[in-house]
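Please read them with the structure open beside you.

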Amino acid sequence: MKILYFTTTGNSLSVARAIGGELLPVLGLLGSGVSGLSDEDGVGVVCPVYFGALPAPVSELLSRLDIDAPYRFLVLTCGSTPAMAVRAPGSWDYVRSILMVDNYFPMFDVGKQIEGVGKKRVGEHLSVICDDIAVRRHYVESPTLFGRVAGWWMRMFPLPAEAYRRFYVEDSCSGCGVCASLCPEGNIRMSGGRPVIGSDCLTCGACYHNCPSASIRYRGEKSRVQYRHSGVSLRNILSQSDCNAGM
């Protein structure tokens, strides 16, 4: 079984690892130009939800990738609701979301999210997902009323194109360049030893949460707390550009 994963803070990678199989990073596959993927045991995708939709790199890969597999599944990690992402384009035998730490700093106090994650019963829900996929259960999650309303709201009030301008870099920046290496869109360049964030920003939080000196900040952030899943290293996230970087 092959699992395509996309992660910026480790939640989705931790889920992909728990499901098991051959893990393939979405970013690496995009860079390789692969157009087809097959596996007689099944192919799955594990990724976060960004503002009620699949992350742009995941959508881009799926739009050009011919998947030949008898069983296809999609697992979505999110903080409060997958909104309408459970209706993602494509032919899926199994679609399910799992609530984890919400690390979207423009809207949530990440520190409080970490403290309250026990209420989401992550381990229990992850066990159900793993068991379902192991027996090739067919199930497609339906949007909840809250998810439908949230999805409508997100379509009506999308992130402004200028949202990236809210990022700024504090003087504590060491110029290490980790943020530039992490950015899934290649949207950060180093200039004079300082990162410059361009306009092609996903607001994914990879740079913000993984900055070794916590120097990348966001005007209006609800807390200054960084988050990366305890079972995932910075090196794991950095290695996603390698299509052979199975974790």
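1. Basis. This is a predicted model, in which local features need pLDDT of at least 70, side-chain atom pairs count only at pLDDT 80 or more, and totals for chains, interfaces and linings use all residues. Residues are numbered from 1 along each chain as its sequence is written, and side-chain values use heavy atoms, with hydrogens and water left out.

2. The open sheet. Six strands pair in parallel, in the order β2-β1-β4-β6-β7-β8. The edges are β2 (22–25) and β8 (139–140); each has a single partner strand, so one side of each lacks a neighbour in the sheet. Strands here are DSSP runs of E with at least two residues, helices are runs of H or I with at least four, and both are numbered from the N terminus. Two strands pair if DSSP finds at least two bridges between them.

3. Strands β6 and β7. Strand β6 (residues 72–78) runs parallel to β7 (residues 94–99), and six bridges join them.

4. The loop between β6 and β7. Ala83 sits in this loop. Its phi is near 55°, a positive value in a residue other than glycine. Most residues other than glycine have a negative phi. Is Ala83 buried or exposed? Ala83 counts as buried, at 1% relative accessibility. The cut-offs are under 20% relative accessible area for buried, over 50% for exposed, and partly exposed in between (1.4 Å probe, protein chains only).

5. The β10–β11 hairpin. Strand β10 (residues 188–191) and β11 run antiparallel, joined by four bridges. Ile188 has Ile197 of β11 as its bridge partner. Two residues lie between the strands, and Gly192 takes a positive phi near 60°.

6. Helix α6. This helix has twelve residues and reaches 17 Å from its first C-alpha to its last, close to the 16 Å expected at 1.5 Å a residue. The expected span is 1.5 Å times one less than the number of residues. Which residues of α6 are buried? They are Gly147, Ala150, Gly151 and Met154. Seen down the axis of α6, the buried residues fall within an arc of 100°, so they line one face of the helix. The arc is that of the directions from the helix axis to the C-beta atoms.

7. A nonpolar surface patch. Met107, Trp152, Trp153, Met156 and Phe157 form it, with about 560 Å² of accessible area together. Trp152 belongs to α6 (residues 145–156) and is partly exposed, with a relative accessible area of 45%. Patch members have over 30% relative accessible area and no salt bridge; like charges are joined within 9 Å, nonpolar side chains (Val, Leu, Ile, Met, Phe, Trp, Tyr) within 5 Å. Areas come from the Shrake-Rupley method with a 1.4 Å probe, and for residues only the protein chains shown count as cover.

8. Arg96 and Asp132. The whole structure has eight salt bridges, each a side-chain nitrogen of Lys or Arg within 4 Å of a carboxyl oxygen of Asp or Glu. In one of them, the closest N and O atoms of Arg96 and Asp132 are 3.2 Å apart. This pair links distant parts of the chain: Arg96 is in strand β7 and Asp132 in helix α5, 36 residues apart. Arg96 is partly exposed at 21%, while Asp132 is buried at 10%.

9. Arg121. This residue lies in the loop between α4 (110–115) and α5 (122–134). Arg121 has a positive phi of about 50°, although it is not a glycine. Its side chain meets that of Glu124 in a salt bridge (3.3 Å, N to O). Both are partly exposed: Arg121 has a relative accessible area of 45%, and Glu124 has 44%.

10. A charged network. Salt bridges link Glu170, Arg217, Glu221 and Arg224. Between Glu221 and Arg224, the closest N and O atoms are 3.8 Å apart. Glu221 counts as buried at 17% relative accessibility, whereas Arg224 counts as partly exposed at 46%.
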